[in-house]
Amino acid sequence: MNEIKFISKIHKRLNPKIYRWKINDRYHGGIPDTFYSGPGGFCFVEYKYIPKIPKKQTTLLKFKLTEQQRAWLNKQASFGVPVYTAFAAGEHVLFTDSFTTCEFTVQEFKENAVSVQQFIDLLTIICLDNGQN
């Protein structure tokens, strides 16, 4: 699976009341991958995906945010816009509003990541008024 297929998998499992937009803007660099909204709120999410989590706990996972992506995310966050990064590996997602750290050991990743379903639940809470659908 690649990042696009991972995002598609998330979108298929989201509550239909959540609007989802896979952004593809060739003219404005740094824009996040997706926009989600619903009656409870909205957010932008930049996805970074690697297919498999290595077995060795000390292996460093490197998720690469470009400088343009960091700049866009940080600027929007300074305006109070809800922006996040979803670092995903296999069936786990580390969902964060911090854009400074993009490298984690396998152990750190596992300690801070949630399952795909828990990630979908978090998006539901953001977009559907605390998960009430």
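Modeller: The model is a predicted one. What covers the buried residues of α4 includes strands β2 (34-38), β3 (41-50), β5 (83-89), β6 (92-96) and β8 (114-115), together with helix α1 (3-13).

The helix itself has twelve residues, 116-127. From first C-alpha to last, α4 reaches 17 Å, close to the 16 Å expected at 1.5 Å a residue. Its buried residues are Val-116, Phe-119, Ile-120, Leu-123, Thr-124, Ile-126 and Cys-127. Those residues lie on the same side of α4, because the arc they cover around the axis is only 160 degrees.

The angle between α1 and α4 is about 60 degrees, and their axes are 10 Å apart. At that angle the two helices count as oblique to each other, because roughly parallel would need under 35 degrees and roughly perpendicular 65 to 115. Their crossing is right-handed. On the α1 side, the contact is made by Phe-6, Lys-9, Ile-10 and Arg-13. On the α4 side, Val-116, Gln-117, Phe-119, Ile-120 and Leu-123 make the contact; among the buried residues of α4 are Val-116, Phe-119, Ile-120 and Leu-123.

Just after α4, Asp-129 takes a positive phi of about 50 degrees.

Methods. Residues are numbered from 1 along each chain as its sequence is written. This is a predicted model: local features need pLDDT of at least 70, side-chain atom pairs count only at pLDDT 80 or more; totals for chains, interfaces and linings use all residues. Side-chain values use heavy atoms; hydrogens and water are left out. Helices (H or I, at least four residues) and strands (E, at least two) are DSSP runs, numbered from the N terminus. The expected span of a helix is 1.5 Å times one less than its number of residues. Buried means under 20% relative accessible area, exposed over 50%, partly exposed in between (1.4 Å probe, protein chains only). The arc is that of the directions from the helix axis to the C-beta atoms. Contact means heavy atoms within 4.5 Å. Axes are lines fitted to C-alpha atoms, for helices over the stretch in contact, and angles run from 0 to 180 degrees between N-to-C directions. Angles under 35 degrees count as roughly parallel, over 145 as roughly antiparallel, 65 to 115 as roughly perpendicular and the rest as oblique. A crossing is left-handed if the near helix is turned anticlockwise from the far one by less than a right angle, and right-handed if clockwise.
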